[in-house]
2 protein chains.
Amino acid sequence: MADVKQAKVVLDEAEMPTHWYNIVADLPTPPAPPLHPGTQQPLTPDDLAPLFPMGLIEQEASTERWIEIPAEVHDIYRLWRPSPFYRARRLEAALGTTARIYYKYEGASPVGSHKTNSAIAQAYYNKIAGRTRLTTETGAGQWGSALAFASQIFGLSCEIWQVRSSYEGKPYRHVLMETFGAKVHSSPSGLTEAGRALREQFPDTTGSLGMAISEAVEAAAKDPDASYSLGSVLNHVALHQTVIGQEALKQLELFGEEKADFLFACAGGGSNLSGIAFPFLRENLDGRANTRIIACEPTAAPSLTQGEFRYDFGDTAHLTPLLKMYSLGPDFVPAAVHAGGLRYHGMAPLVSHCYHEGLMEAIAIKQREAFEAGVVFSRAEGIVPASESNHAIAGAIRQARAATEAGESPVIVIGVSGSGQLDLPAYAEYLSGNMADS
Amino acid sequence: MADVKQAKVVLDEAEMPTHWYNIVADLPTPPAPPLHPGTQQPLTPDDLAPLFPMGLIEQEASTERWIEIPAEVHDIYRLWRPSPFYRARRLEAALGTTARIYYKYEGASPVGSHKTNSAIAQAYYNKIAGRTRLTTETGAGQWGSALAFASQIFGLSCEIWQVRSSYEGKPYRHVLMETFGAKVHSSPSGLTEAGRALREQFPDTTGSLGMAISEAVEAAAKDPDASYSLGSVLNHVALHQTVIGQEALKQLELFGEEKADFLFACAGGGSNLSGIAFPFLRENLDGRANTRIIACEPTAAPSLTQGEFRYDFGDTAHLTPLLKMYSLGPDFVPAAVHAGGLRYHGMAPLVSHCYHEGLMEAIAIKQREAFEAGVVFSRAEGIVPASESNHAIAGAIRQARAATEAGESPVIVIGVSGSGQLDLPAYAEYLSGNMADS
């Protein structure tokens, strides 16, 4: 077997990160705080208390570098973590590239994406705060199914508003949430004031994450036993996801690589990007590396590449705090592209801040280029990536081709945020040649 | 983190099995050979040469105990092997059982099941024999997608006949095969003589594996560049799957368990059961253990528990050799249960032989009990199992409950053959209360 080369590194459970990494502690300049929409003053913990448990509110505002992962959360992470990290040798061969390509794969989690990393943590902090019910929004359904699973684990009830285009176009996802015991509604629904108003105003809307957030926030605000859970955007969500990048750094080293030259990750609300990128960014800030970190967003929702950096609402009905972020405006409804998880008008304030400070780059990718990359990747590596992840793969393939032309051999790392097994209708559309190139 | 207990064992790539294990070498009595359907004489290698490459024909008849896994195959196994092995602590808690439950999970493979273990090997031996095209049948689609992926890896074209009830009821699966580059037909199709005859005779048939095999065999027999590939039943398929049980034995030991008391695995054609069970059976035959090995079949296709042990055809059109096996007869068409991978009229000759010799037991499980078990498992462990795998889980849950009543703490191992992410419509049917209890 001497000619067989290592395909992947799967760390032992004992090597799982014990702490979440908080990038705020290492940023050269502090990010702008969220503002109360009425007073325009920085939010206080009390402002957030009706929606979130104190454990998460503290994390939202924390400037501590390392926050210990509670044993109960760590224990559940072990069901699927550490996640595998691969050298994409067959993809390299298929591309004929001189680049060395690696990928971190989050699709082996219970629901097939990175979202469980934060869902388990959020359900845990709600449980110990005595909340009994969680409400949330979901786009493609990855976050919703993660929170449904996490709620089941901690004995909480879970109610989910799913963006209409995804609810209808990806029916398997809401069955997955229901299998985990959650209630799921197509959004905008007739169950909330916000939903009813949106249905009246836009009867034919495909829905948006901004709308679904309004509905879930309203439902939680009206029930003192309920919390709202957000699957992206906020600081505490980015924090929980940093287990990804911490593991990836260690695994890259075990492949004998000193550092990555490029890191590609898809970006919708920013949770996946933050999770893999912030630990790599720390290496840059500490002078140990100079990895170019490249956010890959869909051309259909190009918040970083086309949006404005300003205070804006996180939702359509203006129920959330004001966040300083790159935004296309809360009324922006993206084309109904298959990467439902990336159809968000804004971008996590921490990601927005890093991008604004020049610590990250961003590119926008059209849907057909993304799926072309996904098919090449599937056929080479055997993993069918999520529609969202295809954007990162497409970005990496562009870079690999450029490197080949230049005769260079950079180390390229891709964050593959999830599995595309439930996105197969989108692949069918791409293979048939009928996919719109939004 | 002192109170956190180990959830799983993921072996390092270096600890992957280097050889397949051939149970024939250790059987107390030799299994009956396959017969030529015309002469009724034992088959010769030449009889099989039009359908299979010599590498596989040799394995089919081999009595060697260990057969080395070629480096090219081992290299691809590394994409997903070694597969994880879990202590099902949350399932134990949900059941309140005194039993210790473990499971070996094959659902993290490229196509979500154990089938890739043999597909890669079969594609490899065909490739080195100069064949350029593979034909096969598939039920639920797990075998078909595995062979589609394997064909893609080795640059072979791949054409698949999928049982009609699964083709129509599980549309994501044929998209997966197409994503990997294969051509897929609903069987019975109008493309073969066998298919046309079956469509005329049974216009409303839901199809069966026996019918789809006839079509794929006919297509291969007519093309000198093509081979037929079978995803189960034959000795060489069982052989390739033994990487599962070899890993599981090692992993069980790493959990500090000396031996398993019970092993449950679902059984349709027998490939999954053979793969996990034969290495455990070797421990029994060598006197190192006395594990009770229990095949879990669907009540809808109860070949072991209701069939007759006799020479019979593997397919409906009587194109295959005669195999000595437990059979319901090649014209048997099972109810259209969701576990499409178990809808086979016969059973692997090696499994049949072991069962007949008293080396294994068998039980039949109805579909609702299987899905009830699948939902309990999903909510506890986060993994939604394949419809087929649910039968093994249901069997294990029966045993765990019996152990609890008896105040005993046996070690129960479950072979979870695949992921149910593409079976979610079946879960929806179960959750709605409308599932037929076939």
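How are H6(B) and H8(B) oriented to each other? The legends below take this up along with other close-ups of the predicted model.

**About the model.** This is a predicted model, where local features need pLDDT of at least 70, side-chain atom pairs count only at pLDDT 80 or more, and totals for chains, interfaces and linings use all residues. Residues are numbered from 1 along each chain as its sequence is written, chains are lettered from A and ligands numbered from 1 in the order in which they are written, and side-chain values use heavy atoms, leaving out hydrogens and water.

**View 1. Helices H6 and H8 of chain B.** H6(B) covers residues 142-154, and H8(B) covers residues 171-179. Helices (H or I, at least four residues) and strands (E, at least two) are DSSP runs, numbered from the N terminus. The two helices pack at an angle of about 10°, with axes 8 Å apart. Axes are lines fitted to C-alpha atoms, for helices over the stretch in contact, and angles run from 0 to 180 degrees between N-to-C directions. H6(B) and H8(B) are therefore roughly parallel to each other. Angles under 35 degrees count as roughly parallel, over 145 as roughly antiparallel, 65 to 115 as roughly perpendicular and the rest as oblique. Gln142(B), Gly144(B), Ser145(B) and Ala148(B) of H6(B) make the contact with Arg173(B), Leu176(B) and Met177(B) of H8(B). Contact means heavy atoms within 4.5 Å. By class, these residues are three nonpolar, three polar and one charged. Ala, Val, Leu, Ile, Met, Phe, Trp, Tyr, Cys and Pro count as nonpolar, Asp, Glu, Lys and Arg as charged, and the others, Gly among them, as polar.

**View 2. Helices H2 and H5 of chain B.** H2(B) (residues 54-61) packs on H5(B) (residues 116-128) at about 125°, their axes 7 Å apart. H2(B) and H5(B) are therefore oblique to each other. Gly55(B), Leu56(B) and Gln59(B) of H2(B) meet Gln122(B), Tyr125(B) and Asn126(B) of H5(B). This contact has two nonpolar, four polar and no charged residues.

**View 3. Where chain A meets chain B.** Each side is listed by its residues: 51 from chain A and 51 from chain B. Together the chains bury about 4500 Å², 61% of it on carbon and sulfur atoms. Buried area is the accessible area (1.4 Å probe) that two parts lose on being put together, summed over both. Four salt bridges cross the interface. A salt bridge is a side-chain nitrogen of Lys or Arg within 4 Å of a carboxyl oxygen of Asp or Glu. Asp75(B) and Arg90(A) form a salt bridge, at 3.2 Å from N to O. H8(A) gives the largest share of chain A's side, six residues. That side has 29 nonpolar, nine polar and 13 charged residues.

**View 4. A salt bridge within chain A.** Asp26(A) pairs with Arg282(A), the closest N and O atoms being 3.6 Å apart. Asp26(A) lies in the loop between S2 and H1 of chain A and Arg282(A) in H13, so the pair ties together parts that are 256 residues apart in sequence.

**View 5. Backbone exceptions.** Most residues other than glycine have a negative phi, and most peptide bonds are trans. The bond from Arg81(B) to Pro82(B) is cis, with omega near -10°. Pro82(B) sits in the loop between H3 and S4 of chain B. Ser187(B) and Pro188(B) are also joined by a cis peptide bond, omega about 5°. Val233(A) is not a glycine, yet has a positive phi of about 70°.
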